[in-house]
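Here is a short briefing on a protein model. Look at the fold before reading the points below.

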Amino acid sequence: MACTIEKILTDARTLLERLKDHDNAAESLIDQSTVLHKRVVTMKEAGASLSHKYQEDAAEIKDTSKYKPHILLSQENTQIRDLQQENRDLWISLEEHQDALELIMSKYRKHMLQLMMKRKDIDAQPVLKVHQTQSALENKELHKLLSISRESIEVRQDLLPDDASQSTEQLPLNT
C-alpha cells in the first residue's frame, strides 16, 4: 500500500469533481424549492380570492333561491334533459363504432385467412365459405342500421326549424 503523490492527487481530483456535482445538485434543489415556494404563494393568493368570490356567489345564490326556486329547478331540468339526450347520442355512437370495429376485424380475419391459404397448401375453403356467409349476414345488418340512421336523420331534419334544417341539409351523408 504505497501512498504516492499521484494517487493522492487523483483522489483529490475525484473528490473535487464529486464536490462540484454535489454543489450543482444543491443549487438545482434551491432553484426548484424557490419555484415551488412561488407557486405555493400564488396558490394561496388564488385560494383567498376564490374564497371571497365563493362567499359572494353563495350569498347571491341564497338570495335568488329565496325568490325564484322554480326558475332554478326548470333550468336544472332542461340541463338534465340535455345531458340525457347527449348520453343517448353517445350510446348510439358507441354502438356504431363497435359495429364498425367488428366489420374491420372480420375483414382482417378474412385477409389473414387468405394469406395463410397462400402460404400453406391446405384446404381452407370450408372456413372461407363460413366466413363469407357470416359477412353476408353482417352486410344485411349493416344496411339495416344505415337505413335506420338515414331515417332518423330525415326525421330530425323534419323536426328542426327551417334555418337549422338548411344548415344540416348541406352536410353530405357517408354511404
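Residues are called buried under 20% relative accessible area, exposed over 50%, and partly exposed in between (1.4 Å probe, protein chains only). This is a predicted model, in which local features need pLDDT of at least 70, side-chain atom pairs count only at pLDDT 80 or more, and totals for chains, interfaces and linings use all residues. Numbering starts from 1 along each chain as its sequence is written, and side-chain values use heavy atoms, with hydrogens and water left out.

**Nonpolar patch**
- Leu 101, Ile 104, Met 105, Tyr 108, Met 112 and Leu 115 make a nonpolar surface patch of about 540 Å².
- Such patches take residues with over 30% relative accessible area and no salt bridge; nonpolar side chains (Val, Leu, Ile, Met, Phe, Trp, Tyr) are joined within 5 Å, like charges within 9 Å.
- Areas come from the Shrake-Rupley method with a 1.4 Å probe; for residues, only the protein chains shown count as cover.
- Met 112 sits in helix α2 (residues 69–119).
- Met 112 is partly exposed, at 31% relative accessible area.
- Helices are DSSP runs (H or I, at least four residues), numbered from the N terminus.

**Salt bridge**
- The structure has one salt bridge, defined as a side-chain nitrogen of Lys or Arg within 4 Å of a carboxyl oxygen of Asp or Glu.
- Lys 144 and Glu 141 form this contact, at 3.9 Å from N to O.
- Both residues belong to helix α3 (residues 125–159), three residues apart, about one turn of the helix.
- Glu 141 is partly exposed, at 45%.

**Leu 146**
- Helix α3 also holds Leu 146, which is partly exposed at 27%.
- Its C-alpha atom lies 9.8 Å from that of Glu 96, 50 residues away along the chain.

Conventions
Helices (H or I, at least four residues) and strands (E, at least two) are DSSP runs, numbered from the N terminus.
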